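Try each task yourself before you read its solution.

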Amino acid sequence: MTKEPITVHAIINGEKIKTEKTIPRENPTHPDEIVGYAPNNTKEETIQAIDAAYNAFKNWAWTDVDDRIERMKRAIQKLKDSTDEIAELLSREHGKALYDAKGEIAISIMWMEFACDHVKKVVTPEVKEHENGRTIITFDPIGVVSAITPWNYPISLSTIKIAPALLTGNTMVLKPSPFAPLAVSRVTEIIANEFPPGVLNLVNGDAEVGIELTSNPKVAKIAFTGGTNTAKHIMKSASETIKKMTLELGGNDAAIVLDDFDVNDERALRRMVISNFLTAGQICMIAKRVYVHRSIYDAFVEKYIEAANKWIRVGDPFHPDVTVGPVNNKNQVKYVKSLIEDAKNKGAKIIPLGEVLNPELMDNGYFLQPTLVLGADYHDPIVVEEQFGPTVPILPFDDEEQVIELHNESIYGLTSSVWGEEEHAIKVARRIEAGTTMINTAAVQGLDVRFPFGGVKQSGVGREYGEEGLKSYTETHVINIPKNLELPYIPE
């Protein structure tokens, strides 16, 4: 599906800004094809975008919430009308299968609609009458928000920030990843066109853009999704002006399969496989390591391989039967291969999974056939590091104390899952250190935008989604009106 490359532009104060330098984005399925070009913005242009957001905030902060909701609803409808076009572009630049790209847009719209439906409740002031007088608690916008988003779910991980920020009265400058900048730029443009100039701005670029977005004193909050190491630099950069932060970071999410899990439950095994290999395993909340009780380990592995071979079909993202496309970029392929090779050299067994539907693409594109890793040590890199690719280790455990310790010793704690008899699984889940634990499902299949999402330990700070995610873009302001305006005792 070769097409002429498109060009997307920065959006600053409601205007498209053309730049001399651009960033090419290749097609991971056909790396010799350029899908399009994004701007390579400068520090000066980034400052212009921040200034535009800062000036727009002065009026936008005091607009009526119904006006904000109406504007966002118009944007949502235009996104719905453009779903096929945007999904095609996302598949071409990212590599995810077309059904997966459409699913990402659907999740984005689901969240945006939830935010529209609940923001009025979140920002409505609370008035409390009490014996000392009256107290008014308001939930005010924070100011300019810098949003920095990754390549794996570029649209949903941008709209998860755009919707609550704008609906609660903030303004924003968004910087997407150069590994998937095109579709999210289209989405951002659609949304920005429904809002006053300067409310939503868009820039692309390298480190100097990111540094400005995280250090500029006019930025009041940073909303970042990405790697933990990058977040450490962001926190240092933001510390000079004590910025608010919401950070959704890396994870090494585990699936724990208890001894009372039914290994003959084909639908559950299919859910497990999807939780390992959706988007070629490139999801922060994917199940990246699987621990299975030793009493059912052999039977589980046998049934898991059967389920994987039924669901996994590798190939061109636009092939109607493909479930797993290429990895997003060359560096990620290299990293995942190194983990697999390390495990193999240490004696682990590597089992290819699924069917390759387009063998002619495998050598030219950034493809990796999904693999199962058996016999790895509990502390091998492929187990303790975030692979972010189509491979998963399955390891046996002997008792619940052992597996809980193996889970909780990780520096990460984004999501997790426990599989087995429901009440038993819940009991184990209560002892898991994670922001979200799912029962008998995992990853996107268990995501619910109505409830807060985020990590513990080095997997993040703060929460997104749910009413808590909306409220994280507000400042609590207490206005006290006491009855007695004097101190209890004042000396003459």
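**Exercise 1: A strand on the inside**

Work out whether strand β20 (residues 415-419) is enclosed or open to the outside.

Solution. Keep in mind that this is a predicted model. Step one: count the buried residues, where buried means under 20% relative accessible area. Five of the five residues of β20 are buried, so the strand is largely enclosed by the rest of the structure. Step two: check the faces. In a regular strand, side chains alternate between the two faces of the sheet. On one side of β20 sit Thr 415, Ser 417 and Trp 419, on the other Ser 416 and Val 418, and all are buried, which leaves both faces covered.

**Exercise 2: The neighbours**

Find the strands that pair with β20 and say in which sense they run.

Solution. Start with strand β13 (residues 254-257): three bridges join it to β20, and the two run parallel. Here Ile 256 has Val 418 of β20 as its bridge partner. Next comes strand β21 (residues 436-439), also parallel to β20, with four bridges.

**Exercise 3: Cysteines**

How many disulfides does the structure hold, and are Cys 116 and Cys 284 buried or exposed?

Solution. First, the bond: a disulfide joins the sulfur atoms of two cysteines covalently. The structure holds zero of them. Then look at accessible area: Cys 116 has a relative value of 5%, so it's buried. Cys 284, at 10%, is buried too.

Definitions and conventions
Residues numbered from 1 in each chain as written. Predicted model: local features only at pLDDT ≥ 70, side-chain atom pairs only at ≥ 80, totals over all residues. Heavy atoms only, no water. Disulfide = S-S within 2.5 Å. Buried < 20%, exposed > 50% of the residue type's maximum accessible area, 1.4 Å probe, protein only. Pairing = 2+ DSSP bridges.
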